[in-house]
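Keep the sequence and the structure in view as you read.

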Amino acid sequence: LYRHHNLDPDAMKLLYDKLPACEDAALLASSRLLSQIVVYANNIDSPALQSPPLSARIAEYIDTQYMNPISPGTACEVFHISRTTLSRTLSKEFSTTFLALLNRRRIQNVCKCLEDGLSPEEASNQSGFSSPSYMVRLFRAMMGCTPHTYQNVSH
């Protein structure tokens with residue numbers, strides 16, 4: 001929540017530590033309420049309280065979460081938007097789709113991992129791919145060579 005809304009993580013931790021011990025459901029409800037308060041505050045006309053454009057927030061979400069199992073559906077939940085809004089926003093700003101942005105970011109990380117000496121399977125796992133074989137097919141399509149070839153050339 002604090003990363004999504006550019007809040008101070010140390011201040012958020014202090015507040016969290018002051019919360020009385022309670023069940024997960026209560027914490028989840030509190031988190032949702034706080035999220036709604038932040039959304040309301042972001043809608044105020046003050047430039048200091050406005051958040052970055054939706055497209056930039058989605059791109060940042062992909063950059064920080066690509067190694068996790070995310071999807072267009074999870075992004076819609078995070079940003080409280082419909083799939084149509086997600087699709088139109090990315091199409092308008094980046095001329096691409098959520099999955100294309102996600103796969104591009106994951107392949108960038110695979111390249112970095114391969115350059116650092118990790119095996120293609122390890123690079124696949126660290127980049128959020130659920131299947132190394134899918135990563136290899138995507139890598140070949142995007143980079144024009146296999147991960148092994150890329151790794152040999154980059155050393």
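Ile-37 is partly exposed, because its relative accessibility is 46% and the partly exposed class lies between buried, under 20% relative accessible area, and exposed, over 50% (1.4 Å probe, protein chains only). Ile-37 belongs to helix 2, residues 24-42. Helices here are DSSP runs (H or I, at least four residues), numbered from the N terminus.

This is a predicted model, in which local features need pLDDT of at least 70, side-chain atom pairs count only at pLDDT 80 or more, and totals for chains, interfaces and linings use all residues. Residues are numbered from 1 along each chain as its sequence is written, and side-chain values use heavy atoms, without hydrogens and water.

Now the cysteines. A disulfide is taken as a pair of cysteine sulfur atoms within 2.5 Å. The count by this rule is 0 disulfides. Cys-113 is in none, and its nearest cysteine sulfur, on Cys-111, is 9.4 Å away. Cys-113 is buried at 6% relative accessibility. Cys-76 is buried too, at 8%.

Next, the aromatic rings. Rings of Phe, Tyr and Trp (its six-membered ring) pair if their centres lie within 6.5 Å; planes under 30 degrees apart are stacked, over 60 edge-to-face, and the rest tilted. The model has 3 aromatic pairs by this rule. In one of them, the ring centres of Phe-139 and Tyr-150 are 5.6 Å apart with planes at 80°, so the pair is edge-to-face. Phe-139 sits in helix 8 (residues 132-143) and Tyr-150 in helix 9 (residues 147-154), 11 residues apart. Phe-139 is buried at 0% relative accessibility, and Tyr-150 is buried at 17%.

Definitions and conventions:
Helices (H or I, at least four residues) and strands (E, at least two) are DSSP runs, numbered from the N terminus.
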